[in-house]
Amino acid sequence: MPYVSRSAGGAIDGLYEQLQEGVAEEFLSDDDPALVAFRDAPPEVFSVSARQFRLMLRRSGLLDQVKAWVAQQDGETQDAFEYSGTFVKDSPMMMAGFAAMGFTSQQIDDFFAAAAML
């Protein structure tokens, strides 16, 4: 049974084996529904390999559209798209590209989660 910390909104945001004064003082049973949901939640994906990113673009039917957008960008953006080994979700290039494609924050999260499975 762990001690938990909670975000300002009340959601569990951390688990601790021991009492953490001022941080995690609430003790929950292992079968508490909120604790089970927190433990079972998939981890947030912050980056994927270039292979995963490009395969996801292809499977989503976006590869040609993204390549066309990249071709209109500055040289650094073109080099980053062509030669990066990892694509980081919150990098300026990624944020600009997803904004240009009209993606919401949830769609970006979903795209990266799906890409991470490839």
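Begin with α5, which gives the lining of the largest cavity its largest share, 5 residues; bear in mind throughout that this is a predicted model.

Next, show the side chains of Phe53, Leu57, Leu62, Val66, Trp69, Val70, Phe81, Met93, Met94, Gly97, Phe98 and Met101, which line the largest cavity. By class, the lining has 11 nonpolar residues and 1 polar residue, with no charged residues.

Now widen the view to the largest nonpolar core, which has 21 residues, those with the most contacts inside it being Phe53, Leu57, Phe87 and Phe112. Two or more residues of this core come from each of α2 (50–59), α3 (63–71), α5 (92–101) and α6 (105–116). Centre on Phe53: leaving aside neighbours within four places in sequence, Phe53 is in contact with Val48, Phe81, Phe87, Met94, Phe98, Phe111 and Phe112.

Finally, turn to the strands, where an open sheet of 3 strands runs in the order β2-β1-β3 with antiparallel pairing. The edges are β2 (12–16) and β3 (26–27), each with a single partner strand, so one side of each is left without a neighbour in the sheet. Select β1 (residues 3–6), which pairs with β3 in the antiparallel sense over 2 bridges, and look for Tyr3, which stands opposite Phe27 in β3.

Terms used:
Residues are numbered from 1 along each chain as its sequence is written. This is a predicted model: local features need pLDDT of at least 70, side-chain atom pairs count only at pLDDT 80 or more; totals for chains, interfaces and linings use all residues. Side-chain values use heavy atoms; hydrogens and water are left out. A nonpolar core is a set of buried Ala, Val, Leu, Ile, Met, Phe, Trp, Tyr and Cys residues joined through side-chain atoms within 4.5 Å. Buried means under 20% relative accessible area, exposed over 50%, partly exposed in between (1.4 Å probe, protein chains only). Helices (H or I, at least four residues) and strands (E, at least two) are DSSP runs, numbered from the N terminus. Contact means heavy atoms within 4.5 Å. On a 1 Å grid over the protein atoms alone, a cavity is a set of points where a 1.4 Å probe fits but cannot get out, and a pocket is an open set with protein on both sides within 12 Å along at least five of seven lines; lining residues have an atom within 4 Å of a point. Ala, Val, Leu, Ile, Met, Phe, Trp, Tyr, Cys and Pro count as nonpolar, Asp, Glu, Lys and Arg as charged, and the others, Gly among them, as polar. Two strands pair if DSSP finds at least two bridges between them.
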